[in-house]
Amino acid sequence: MNPLFRQERGLRNDGTGRPDADRWLPVSGRPPAAGPLLADQVGYRGSDDVLLRGALYEVWGAICVGCGRAKVFTETQIEHLIPRTVDPSVLDELIIYHGLDTDFHVDQPANLTVICGPCNNKKRDRILRTPGMTTLLHIARDHSPHVIRLVREHATARQVARGLTTAVRADMRDAKTRAEFMQHAPAVVQTLALLDEKKADFVVHRDIRLSLCGDIVSASLTLDAYGRAVSTWVEEFCGRPWREVLEDGVRELITYVADRADWAARNEFDETGNLASISTDALFTPMRISGCHRDGTRMTVEISGQMHGYYTAVVNDIDPWGPDPEIIDIGVDVHVIAQYTMTMSWDLTAAPVMRVKTDVWIPGTAVDVETSRA
């Protein structure tokens, strides 16, 4: 269950933490608000555009926007952050709320990303007016020029380029296709390395499962050549796997997002509600190695990522839907997204057990809330 894809009521931006009842926005079912795209514009035109999906897949780092996990290309679909069926008047409100460009179009890359099939089947076609959606739309806007460039470059590419991109997007679930790829791909990589060694890089995603504070955290560590080198050094120097190296920092993140979820659930009903219970549904964090440097006898490694926490709470409050002022249980679903940088440092002269020092910096947090009858 991902609140980023549900009709929600968020918190006001005035610092009070109070709910904003005006954030319930229905979808009308009308055609795309901005009208058809011009012939020379890059965007979605009503079918599975493999070229566009490939560009989005590359720029968004092969990550599903729904579950935050790495996916192979054939598992992904094009996703509209704001649905194509948005009513024109509602779209005008959303452009202002999210701080979007005035020429924003629902079918252009500034509103597009990739999502896996299971996540796309679970979500509902609803418009979200929440801080989490604002963050995604701003990321899409930043990615848009790169997506457009990739699509246009491929459109004018010659036979070799088209062949390579076709191979990348092939369905590796087919045994024959997979066997042919395994046979011929090494020669392509070797040729690339001879032309430019720095280009012959690849990205892997290492899944790490941590059991902390009574919860299970699913982490996905993205590693390129630089990241793999740092990762190997950390594990060899510490004599411990990443699961143990990350424990202190992830434990601090769990406490932080849980506190934010608790605060959001309590503040959803101002002072009228009583928080009866809150439980953790899921915790996951995509992360990458963003830096490594040495200062004298101290080595420092930086990890950047997002901690996603999903929670279900029950609040006792006056029934907002009923004719009589009776106390009922109201369900509250909370999604907390914490952007963080985790800094781990080692004193190279100290005993191994004393080497690791972990600090966590959290520059930004988004909280999305949905309420319903429990």
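This is a predicted model: local features need pLDDT of at least 70, side-chain atom pairs count only at pLDDT 80 or more; totals for chains, interfaces and linings use all residues.
Trainee: Changing topic, where does T113 lie?
Mentor: T113 belongs to strand β2, which covers residues 112-116. T113 is buried because its relative accessible area, 0%, is under the 20% cut-off.

Trainee: What is T113 in contact with?
Mentor: Leaving aside neighbours within four places in sequence, T113 contacts L56, W60, V65, Q77, I78, E79 and L81.

Trainee: Now the helix α9: how many residues has it?
Mentor: Helix α9 has 21 residues, 247-267. From first C-alpha to last, α9 reaches 30 Å, close to the 30 Å expected at 1.5 Å a residue.

Trainee: Which residues of α9 are buried?
Mentor: The buried residues in α9 are G249, V250, L253, I254, V257, A261, A264 and A265. They cover an arc of only 140° around the axis, so they lie on the same side of α9.

Trainee: Which residues have the most contacts inside the largest nonpolar core?
Mentor: They are W242, L246, V250, I303, V334 and M342, in a core of 41 residues. Strand β7, residues 327-347, supplies the largest share of this core, with 8 residues.

Trainee: And what does M342 touch?
Mentor: Not counting residues up to four places away in sequence, M342 touches several residues, including L246, G249, V250 and L253. Another core, of 36 residues, lies apart from the largest one, and Y44, F104, M133 and V147 are among its residues.

Notes:
Residues are numbered from 1 along each chain as its sequence is written. Side-chain values use heavy atoms; hydrogens and water are left out. Helices (H or I, at least four residues) and strands (E, at least two) are DSSP runs, numbered from the N terminus. Buried means under 20% relative accessible area, exposed over 50%, partly exposed in between (1.4 Å probe, protein chains only). Contact means heavy atoms within 4.5 Å. The expected span of a helix is 1.5 Å times one less than its number of residues. The arc is that of the directions from the helix axis to the C-beta atoms. A nonpolar core is a set of buried Ala, Val, Leu, Ile, Met, Phe, Trp, Tyr and Cys residues joined through side-chain atoms within 4.5 Å.
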